Amino acid sequence: MSVDVRAWTKSIEQWYLRAARDLPWRARRTPWRSLVSEFMLQQTQVARVLERFEPFMDRYPHPCDLATADEQEVLALWQGLGYYRRARNLQQAAQVIVRDFDGEVPLDVPSLLTLPGVGRYTAGSIASIVGGERVPIVDGNVTRLLARLHCDDGRPEDRAYIKQTWQRAESFVSQCDRPAVLNEGMMELGALVCTPKAPQCDACPLRSKCGAWEAGRVAEVPPPKQPTRRSVLHHHAVVIRRGDLVLLERRGDSGLWAGLWQAPSIEGDRKLSTDAVRSKLAYEVEGISRVGMLTRTLTHRTVHIYVHVATSCSDIENAVDKGVQWVSMGDLASIPLSNAAMAVLNFQP
Ligand code: SF4
């Protein structure tokens, strides 16, 4: 089929103005709210971001508020969104905004790219959607949509293909009426209609202009991702309670779930016996038993977490000296915990 980019962009813009979801960062758009929403939305579902966005904005309504905030408090407010590195990057970005841009989020791509955690996609998103600049954006949704429109079954992870996708997005944005509407429209169409599985072609405004649909190849384009090779980790968590209190330790400052809190744990490359877990813990526990297992699949790792309970910690004063603390179960929301650590604490055999 012939490629008519101008016709595609017009249909996408018209559809978006009709069908866009009413989301809080769209309803009241400021550069800072948009930047925060972009950080939160990276690799996280909209439904989860909706729960966290306004409480975070209430606490940090301006970059200055986040720049000077206590990191542990920031991480606690980020709880549930996962990928805590983004929270740290966002705080560092706020500090750069205060230091280099008088506390105002810049709206041009080169300046945005100087912010920690901001790559080409986020910079393009803020510059086009907030600043109205005619610059492209490419995320997973846009990549899939463009692949299907062009009926191109190149591999989305290939460098040459990524470059070509950016060029296609550039061509779209150069021919559209409103870059902000076009860019948000492409992402929205990919999220709601041209979905990875079971795309709703019957409801799609581009169906009559779609290469994959015309060729009957929607199910084949784009090809499935090559399976990711993940390392396998074995964590052994010990939940120790005293009444309503539970004992927590803080993870180290680097690596997986850096700086977050968890039940005392032993980590390794294989499953350990219960006796081995007890002997390797930094403090004495009694009555330890294994009650089950959780598995978490992360981007580059699979983590098996063997959940144990212990009835007491006989050298608890020594344990507290080692940087652990008793926390009320009712106060867990104010402690930065990974979703996995929270699942361990609430584990039901
Ligand atoms: S017709 Fe189907 S495959 Fe083509 S863009 Fe629309 S939803 Fe995607």
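Biologist: What is the relative accessible area of E54?

Modeller: E54 has a relative accessible area of 27%, so E54 is partly exposed (buried is under 20%, exposed over 50%, partly exposed in between, with a 1.4 Å probe and protein chains only). This is a predicted model, in which local features need pLDDT of at least 70 and side-chain atom pairs count only at pLDDT 80 or more, while totals for chains, interfaces and linings use all residues. Residues are numbered from 1 along each chain as its sequence is written, and side-chain values use heavy atoms, leaving out hydrogens and water.

Biologist: Which residue does E54 form a salt bridge with?

Modeller: The partner is R33, and the closest N and O atoms of the two are 2.9 Å apart (a salt bridge is a side-chain nitrogen of Lys or Arg within 4 Å of a carboxyl oxygen of Asp or Glu). This pair links distant parts of the chain, since E54 lies in helix α4 (residues 46–59) and R33 in helix α3, 21 residues apart (helices are DSSP runs of H or I with at least four residues, numbered from the N terminus).

Biologist: And R33, buried or exposed?

Modeller: R33 has a relative accessible area of 4%, so R33 is buried.

Biologist: How many salt bridges are there by that rule?

Modeller: The count comes to 18, and one of these salt bridges joins the side chains of E184 and R26, at 3.1 Å from N to O. E184 sits in helix α12 (residues 179–192) and R26 in helix α2 (residues 24–27), 158 residues apart, and both E184 and R26 are buried.

Biologist: Which residues are linked with those two in a network?

Modeller: R21, R29 and E188 join R26 and E184 in a network of salt bridges.

Biologist: New topic: at what angle do α3 and α7 cross?

Modeller: The axes of α3 (residues 31–41) and α7 (residues 85–100) come within 10 Å and cross at roughly 155°, with axes being lines fitted to C-alpha atoms over the stretch in contact and angles running from 0 to 180 degrees between N-to-C directions. The two helices are therefore roughly antiparallel to each other, a label given to angles over 145 degrees.

Biologist: Which residues meet there?

Modeller: From α3, W32, L35, V36, F39, M40 and L41 meet R86, N89, L90, A93, A94 and I97 from α7, where contact means heavy atoms within 4.5 Å. By class, this contact has ten nonpolar residues, one polar and one charged (Ala, Val, Leu, Ile, Met, Phe, Trp, Tyr, Cys and Pro count as nonpolar, Asp, Glu, Lys and Arg as charged, and the others, Gly among them, as polar).

Terms used
Parallel < 35°, antiparallel > 145°, perpendicular 65-115°, else oblique.
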